[in-house]
Amino acid sequence: MSKLLLVLFTGSESSLGSGFAAALGLSFDVLTLTGHAETNTGAEKELVAGLTSLPPADALASTIATLSQGYTHIAATSNMRSKDVMARVAGILDAGMVTDVTLIESPTRFKRPVLAGSIISIVEVLSTPVVLTFRPAGFAKGEAGGAPDQVSVSADASGKTVRISQSVRGGARPDLSQAKIVISGGRPLRDAETFERVIGGFADKVGGAVGATRAAVDSGIAPNELQVGQTGKIVAPDLYIAAGISGSTQHMAGIKDSKIIVAINKDPDAPIFESADYGLVADLFDALPAIERALGS
Ligand SMILES: Cc1cc2nc3c(=O)[nH]c(=O)nc-3n(C[C@H](O)[C@H](O)[C@H](O)COP(=O)(O)OP(=O)(O)OC[C@H]3O[C@@H](n4cnc5c(N)ncnc54)[C@H](O)[C@@H]3O)c2cc1C
């Protein structure tokens, strides 16, 4: 019988996966690597690995592959980590894999965007098991179910690499891929200090995550992990504010699932105004502080 194992790197991802599981039409269990899943996602069982932090990808992949035995489908949301880990899982299981699934035609046939969404391909997986990553924005939230049975599983966190240390830039800001509000800046931010003060300061004011264009990343204005777009992160917030961003197809590929896009650009002919829900023709160095003042303390 077909059954899905939904891999949650953190318990907070559970709300993103229930709609995907419902669209796949299979009963499912969740494997929660850190933290706990929400209790009403419709999963039959929650496998709780109880890791305090996520080990490097090679260790995670062998743990997931071991715990995936007996499942016909193994899936995780699309993000930088899952691209790394789930590809390794597919390798270990010698399984077919489809990434960035946006629509399910059948349990073996999936739609996925390629080339920044300019082409939609349909892919059929001819073997079992099937390893998938999916874009949660493409799937409505699943219907709530009862509390799943919880089973503790042992997760071997030892691999061929070991993390010596890790520091988080941007402090306690929300995760870019899952944030409800994203403030992004482009090339005109000039340098890292200005970017952090203007874009980071505004994001902190509204409780948002910070994003950047590739031009900003390539010029050393913003760190690599903040890049949004075709070759960066895909975001789908309720509100995306693009400050000093021209609106290249590669950048827009990463933000098109945002509910509301606000563009601040001093060039009234900037392409981003064609896709923005709200546009402000203004200098971002005047506009962002003015909005901050209007929001009050
Ligand atoms: C294969 C490939 C992959 C790529 N992947 C990505 C990707 O993942 N993500 C990505 O972002 N890009 C990507 N790019 C790069 C992309 O093509 C653009 O070069 C980039 O997005 C432009 O960034 P930008 O908008 O910051 O800069 P610019 O295009 O230079 O635009 C800056 C904008 O700021 C406005 N501006 C200037 N000063 C101010 C001010 N004071 N106030 C308000 N507005 C102001 C200007 O009018 C202009 O519209 C990729 C390119 C290639 C070839």
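Student: What should I know before I start?
Tutor: The model is predicted: local features need pLDDT of at least 70, side-chain atom pairs count only at pLDDT 80 or more, and totals for chains, interfaces and linings use all residues. Residues are numbered from 1 along each chain as its sequence is written.

Student: Which strands form the open sheet of seven, and in what order?
Tutor: The order is β5-β9-β4-β1-β2-β3-β10, with parallel pairing. Strands here are DSSP runs (E, at least two residues), helices are runs of H or I with at least four, and both are numbered from the N terminus. Two strands pair if DSSP finds at least two bridges between them.

Student: Which strands stand at the edges?
Tutor: β5 (96–101) and β10 (149–152). Each has a single partner strand, so one side of each is left without a neighbour in the sheet. The twist averages 20 degrees from one strand to the next.

Student: How many bridges join β3 to β10?
Tutor: Four, and β3 (residues 45–51) runs parallel to β10. Lysine 45 has aspartate 149 as its bridge partner in β10.

Student: Where does α1 lie?
Tutor: Helix α1 (residues 14–24) lies across β1 (4–10), β2 (28–34), β4 (73–77) and β9 (130–134). It runs at about 165 degrees to β1. Angles run from 0 to 180 degrees between N-to-C directions; axes are lines fitted to C-alpha atoms, for helices over the stretch in contact.

Student: Switching to helix pairs. At what angle do α2 and α3 cross?
Tutor: Roughly 50 degrees, and the axes of α2 (residues 57–67) and α3 (residues 80–93) come within 8 Å. That makes α2 oblique to α3. Under 35 degrees counts as roughly parallel, over 145 as roughly antiparallel, 65 to 115 as roughly perpendicular and the rest as oblique.

Student: What makes the contact?
Tutor: Among the residues are Leu60, Ala61 and Ile64 of α2 and Val85, Val89 and Ile92 of α3. Contact means C-beta atoms, placed from the backbone, within 7 Å. The contact of α2 with α3 has nine nonpolar, one polar and three charged residues. Ala, Val, Leu, Ile, Met, Phe, Trp, Tyr, Cys and Pro count as nonpolar, Asp, Glu, Lys and Arg as charged, and the others, Gly among them, as polar.

Student: And how far apart are the axes of α4 and α8?
Tutor: They are 11 Å apart, and α4 (residues 192–206) packs with α8 (residues 284–295) at about 20 degrees. The two helices are therefore roughly parallel to each other. Val198, Phe202 and Lys205 of α4 meet Phe285, Leu288, Glu292 and Leu295 of α8. By class, that contact of α4 with α8 has five nonpolar, no polar and two charged residues.

Student: What order does the sheet of five strands have?
Tutor: This open sheet runs β12-β11-β13-β14-β15, with parallel pairing. The twist averages 15 degrees from one strand to the next. α4 packs on the sheet, touching β11, β12 and β13.

Student: How many bridges join β11 to β13?
Tutor: Five, between residues 181–185 and residues 239–243. One links isoleucine 181 to leucine 239 of β13.

Student: Last topic. Which residues come nearest the ligand?
Tutor: Gly186, Arg214, Ala215, Gly229 and Ser246, out of the 28 residues around the ligand. A residue is near if its C-beta atom, placed from the backbone, lies within 6 Å.

Student: Which element gives the largest share of that shell?
Tutor: α5, with three residues. The shell divides into nine nonpolar, 14 polar and five charged residues.

Methods. Two residues are in contact if their C-beta atoms, placed from the backbone, lie within 7 Å.
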